[in-house]
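Here is a short walk through a protein chain, one part after another. Keep the structure in view as you read.

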Amino acid sequence: MQSHLDQPAIGVDLGGTNIVCAAVMAEARIIEKHKRPTEVPKGVEQVVANIKQCIHEVLRKAHLSLEQISGIGIGSPGPLNTRTGIVINPANLHGWHNVPLRKMIEDEFHVPVVLDNDANAAAYGEKWAGAGKGVDNLVVFTLGTGVGGGIIMDGKLLHGPDDTAGEVGHCTIDYNGYQCKCGNRGCLETYVSATGIVRRTIEAIRQGRDTIINKMVEGDLNRLTSKIVYEALEQGDALACEIFEETGRLLGVGIANIVNTLNPEMIVISGGVIQAGEHLFRPTREEVRRRAFEEPTRTAKIVPAQLGGDAGVIGAAGILVQHLTLKTPTQKNHG
Ligand SMILES: [Zn+2]
């Protein structure tokens, strides 16, 4: 008999702006994908209706019936509770308070549903199908507006009793540093996120540094984005080059802490900044070598992510597949 584990799973990447759903084969290949706006201001009911609609649409496009899928994995902004399937009160899902999202989706589709946070889903995607394929101990740093992350040890995501494990972006790298939105000062995120890169660039320009960036934003620093800093780097701008060098070093400080703490086989860096290639990775690796113990540093390969924007949906499906795989032997024993 064909196992349900060979059937495609549905991955859902719930974001503050868009919902992405994909039908993903057991070998981590996307067969169909559908995207639609989340519409957070319209309220919880509408967002949940949009998620359901998005799942129905991807099933239709992939010509799949509910009997033909193994289940649904959802990556949602946190905080959330993976055991109860409740989304607590995410900053970018304004108006959400203790929403039983897993149950709402189960009641619609009557298939197994798992819920995890979006950063964990993206990290698991890289482990299942991306840079970390075949690696059982890895840590993913996702550099976006903030810095998200996920820790996978012995092949499984590390959650902790409060589902807050993996917040690598909020390790302190400077005890008197920038104010972070989490309430702490000097979090890694405040330096190496897109926001942090823009902030450090603006500070340097205000201190009188000469750069083509001024011209690129036509003198209006409010228009500066990390993408523009990257474009300046491509044009050989010295300040942009220094900013990326410094970003790598600061990231290396955070990674050195993780290397010493967890002894991972691999560190995966994800997000638009990885386009900077060796301008980012060389100083990152140098800084880790300078700070962390020799043996775990030699072990920990620091590599760019491979799945880009699809990591979240692929990983959400992957978490469901792993959940069913771990459950299966017990069920067999009872059967
Ligand atoms: Zn923080």
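Start with the second largest pocket, whose lining by class holds seven nonpolar, four polar and five charged residues. The model is predicted. About 410 Å³ of space lies in this second largest pocket. Which residues are the closest to its centre? They are T82, V114, H159, I319 and H323, out of 16 residues that line the second largest pocket.

Several elements build that lining. Helix α2 (101–109) supplies at least two of its residues, and so does helix α11 (311–334). Strands β7 (113–117) and β10 (156–157) each supply at least two residues as well.

Why does the second largest pocket lie between domain 1 and domain 2? Both domain 1 (4–118) and domain 2 (131–306) give residues to its lining, so the pocket lies between them.

Now step back to the chain as a whole. The domain assignment gives domain 1, residues 4–118, and domain 2, residues 131–306. Their centres, taken over C-alpha atoms, are separated by 29 Å. Where the domains are in contact, domain 1 contributes six residues and domain 2 contributes five residues.

Strand β1 (residues 9–14) and strand β4 (residues 72–76) run parallel, and four bridges join them.

Two loops deserve a stop. In the loop between β2 and β3 sits A28. Phi of A28 is near 75°, a positive value in a residue other than glycine. The loop between β4 and β5 (80–81) holds P79. The peptide bond from G78 to P79 is cis, and its omega is near 5°.

Move on to another open sheet. Its five strands follow the order β10-β9-β8-β11-β12, and their pairing is mixed. Which strands stand at the edges? They are β10 and β12 (301–304). Each has a single partner strand, so one side of each is left without a neighbour in the sheet.

Follow β10, one of the strands that supply residues to the pocket lining. Two bridges join β10 to strand β9 (residues 147–153), and the two strands run antiparallel. Here M153 stands opposite K156 in β10.

Helix α8 (residues 238–262) touches β8 (138–143), β9, β11 (266–270) and β12. The direction of α8 makes about 160° with that of β8. Helix α9 (residues 278–291) packs on the sheet by touching β11 and β12. The direction of α9 makes about 160° with that of β12.

Key. Residues numbered from 1 in each chain as written. Predicted model: local features only at pLDDT ≥ 70, side-chain atom pairs only at ≥ 80, totals over all residues. Heavy atoms only, no water. 1 Å grid on protein atoms, 1.4 Å probe; cavity = no way out; pocket = protein on both sides within 12 Å on 5 of 7 lines; lining within 4 Å. Points joined across faces, edges and corners; volume = space filled by probe spheres on them. Nonpolar A, V, L, I, M, F, W, Y, C, P; charged D, E, K, R; others polar. Domains from an automatic or database assignment. Pairing = 2+ DSSP bridges. Contact = heavy atoms within 4.5 Å. Axes fitted to C-alpha atoms, helices over the stretch in contact; angles between N-to-C directions.
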